[in-house]
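Good morning, colleagues. Please look at the model on the screen while I go through its computed features.

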Amino acid sequence: MCLDYEKAQRYELIYTARDGQGRASAVQLVVGIRDINDNSPTFAQRELIRNTPAHTHEFVPPLIVKATDKDSSADGNNNITYRIVDDASKNETFRIDSVTGEIKLLRQLVPISETQFTNSYTIHVEAKDGGTPPLTGDVFVVVTMTDDSGHGQLFFVHPMYNASVLEAALEGTKVAQVVAVDTTLKDPAITYLITNGARDNFVIDPSTGIISVAPNTSLDLDDSPEEYRVAVSAINLRKVKFNLVTAT
């Protein structure tokens, strides 16, 4: 048997002693389990994508990363702090609140190259817990900018979608449908693709945006997670340089 604080914090044992005359006496022993720092901070997604107009001075809505840690807070093992390990601007454009995980701009967000319709900065963020020794987890935040000339007006009708499906759902069962629109073209050629989080259990129709249960998939809760955070991207193929947006 392996003791795990995350599964049980205490055990209550009863010991009984008997003599040869049949008399018995019992005593209770309560064993408390102390937590050790054996879980690293984890992010729901390995990569986050945020689309924002170029030349902005702040993220609207706020850009926040959040990690969780299964360890106990009693010894500070799950107290998480954040820092930027690296970014494409050499730490001159972004800063992060070490406690809240909110990423803010130090200066106006400008494209790396004004000749491109979209430009991206990749920010490598590390989350560190308060254990001894501390453990870490990381996430990559991709900030994609659109220019001010009307390019890049491709967006999802909803930035986040919620859906549910039975664990016994069969192959092809519809789970949800995502919809993206482009305000700059009357007949955009929008293609959808899953970029993260499906674990090969869900597929998307590239033309309609319908997400369904993938072939040969088991969603049995005994073997599969209770929740999936699936990242979906939309690409407008009619643009000279295609634009991409992401929703979860």
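Predicted model: local features only at pLDDT ≥ 70, side-chain atom pairs only at ≥ 80, totals over all residues.

Residues are numbered from 1 along each chain as its sequence is written, and side-chain values use heavy atoms, with hydrogens and water left out.

The chain has 19 strands and 0 helices; these are DSSP runs numbered from the N terminus, with helices being H or I of at least four residues and strands E of at least two. Of its 248 residues, 36% count as buried, where buried means under 20% relative accessible area, exposed over 50%, and partly exposed in between, with a 1.4 Å probe and protein chains only. Of the contacts (heavy atoms within 4.5 Å) between residues at least 6 apart in sequence, 61% join residues at least 24 apart.

Strands β1 (10-18) and β2 (24-32) each supply at least two residues of a nonpolar patch. Tyr15, in strand β1, is partly exposed, at 46% relative accessible area.

Finally, where does Ser212 lie? Ser212 belongs to strand β17, residues 210-213, and is buried, with a relative accessible area of 14%. Beyond its neighbours within four places in sequence, Ser212 contacts Gly172, Thr173, Lys174, Val175, Asn201, Phe202 and Val203.
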